[in-house]
Amino acid sequence: MRNAREFNFDGLVGPSHNYAGLSFGNVASFNNVRSASNPRQAALQGLAKMRALAARGFAQGLLPPQARPNFRLLRRLGFSGTDADVLAQAYRESPVILACAYSASPMWTANAATVSPSADTADGRVHFTAANLNNKLHRAEEHVQATRTLRALFANPDRFVVHDPLPSTPAFGDEGAANHTRFASAHGASGVEFFVYGRVEFDPSAPAPVKYPARQTLEASQAVARLHGLDAARTVFASQNPAVIDQGVFHNDVIAVGNGNVLFYHEQAFADEASTLDLLRRALGVTGTDLRAVRVDTGVVPVADAVASYLFNSQLLSKPDGGMALVVPHECRETATVARYLEQLVASGGPIDELIEFDLRQSMRNGGGPACLRLRVVLTDEEAAAMHQGVLMTEDLYARLVPWVERHYRDRVEPKDLADPQLAIECAAALEDLERILGLPGLYDLS
């Protein structure tokens, strides 16, 4: 077993962060539609989280925001003229489409890709598959820049493979790491990769939600596992409970999170809880590891409270000095049932022995908690040295990014501001400056 660490790459919130309520099935996003947002505060909250975790000894990086507005999308949909003309016409004729083109949702990097570490793959390289996110217009174009960014950061072909996204059809709806978890005795050991899906395209009799869409298909999860060269004996596919999807659990990471040999989950997370746990135990048994399941009962924390607080949309991290920490948003303390449960959890003597709390209100109001904001990438020491170093969080990088945010980001964006050509100019200027700070010239096609 080689020495390896889990790096968390948090999404740097972009300057167009706004509340458009575009994500049907995401309760928080829908509840805050057309509210005023604060992009500057959102970015600073995210950077504060990254800095604090890096200071604790966790391996921390960032993924840069994507270029917004997406003028290519707007022009493909028939809006024409100068950039200012395009914005004005879109705002006049279809403000929802304009909001899609301005969406800052790439901040939730758990949806950027699915990642398999070299200890799990047949060719011994780290594999990435950019998620097609084809369920929502505002996210369906993200894979283009996500693939470009991942290939810029992980460019060494001897160490890394960045696959193209799956075909953008309903059969292969893929939402990335938000529906994927890895279990292992240690980060550098061979592990079990756990894929959770919401529906089965080619089996109409399979359970499916009726109110909200299931965004991940079994077929997509199986395709990613094939692309990554995973061992079938150490790969588990499980159906999400369709009833909780209809309660606002749009990704598995809203109802369960795993790390090491620990699965922290709600009793209603899976369509067949007993079978899912049995499959995980059998697969982990191949690696000589026992599963530690931490179950939260509905009578203790109702699903509605889990969704409102994002209890499970937390980060479960192995601490450098031993034990595990659960990274939670302030909303967990503000939800009575969740606050009581967490007090009991850390005092129970179980594997989770610390809470780390952050103010992520701007992201939370748009439907994304700590787990949404990060992409987990396990890297050996050699792989970490082979990636682009300019996105790894240090005090120096933090000290350069804070004034960059304060210089380029507005402190208030309302829906009407999306028609302002100056906002588009400000967004482009911010990314040009960011390329220089991160040492990634040509990261964006801003032509």
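Helices and strands here are DSSP runs, numbered from the N terminus. The close-ups below all come from a predicted model.

**View 1. Helix α7 and the glycine that follows.** Let's start with helix α7, which spans residues 218–227. Since 7 of its 10 residues are buried, this helix is largely enclosed by the rest of the structure. The buried set is made up of L218, E219, A220, S221, A223, V224 and A225. Which strands do these residues pack against? They meet β3 (113–116), β4 (126–130), β7 (192–197) and β8 (235–239). After α7 comes G229, with a positive phi near 65°.

**View 2. An open sheet of 3 strands.** Here the strand order is β12-β13-β14, and the pairing is mixed. β12 (315–318) and β14 (352–358) are the edge strands, each with a single partner, so one side of each has no neighbour in the sheet. On average, neighbouring strands of this sheet are turned by 30° against each other, direction ignored. Take a look at β13 (residues 324–329) alongside β14: the two pair in the parallel sense over 6 bridges. P329 has F358 of β14 as its bridge partner.

**View 3. Two helices across the sheet.** Helix α2 (residues 39–55) lies across β12, β13 and β14, and runs at about 145° to β14. Helix α12 (residues 336–347) lies across β13 and β14, running at about 140° to β14.

**View 4. Helix α5 and its cover.** Which residues of helix α5 (residues 95–102) are buried? They are L98, A99, C100, A101 and Y102. Among the elements covering them are α3 (71–76), α4 (83–93) and α16 (421–438).

View 5. The bond to spot here joins R68 to P69, and it is cis, with omega near 0°. P69 sits in the loop between β2 (59–63) and α3.

**View 6. L133, a leucine with positive phi.** Phi of L133 is near 50°, a positive value in a residue other than glycine. You will find L133 in the loop between β4 and α6 (142–153). Is this side of the story buried or exposed? L133 counts as buried, because its relative accessibility is 2% and the cut-off for buried is under 20%.

**View 7. Y310, a tyrosine with positive phi.** Y310 has a phi near 60°, again positive in a residue other than glycine. Its place is in the loop between α10 (303–309) and β12. With 2% relative accessibility, Y310 counts as buried.

Definitions and conventions. Residues numbered from 1 in each chain as written. Predicted model: local features only at pLDDT ≥ 70, side-chain atom pairs only at ≥ 80, totals over all residues. Heavy atoms only, no water. Pairing = 2+ DSSP bridges. Helix = DSSP H or I, 4+ residues; strand = E, 2+ residues; numbered from the N terminus. Axes fitted to C-alpha atoms, helices over the stretch in contact; angles between N-to-C directions. Contact = heavy atoms within 4.5 Å. Buried < 20%, exposed > 50% of the residue type's maximum accessible area, 1.4 Å probe, protein only.
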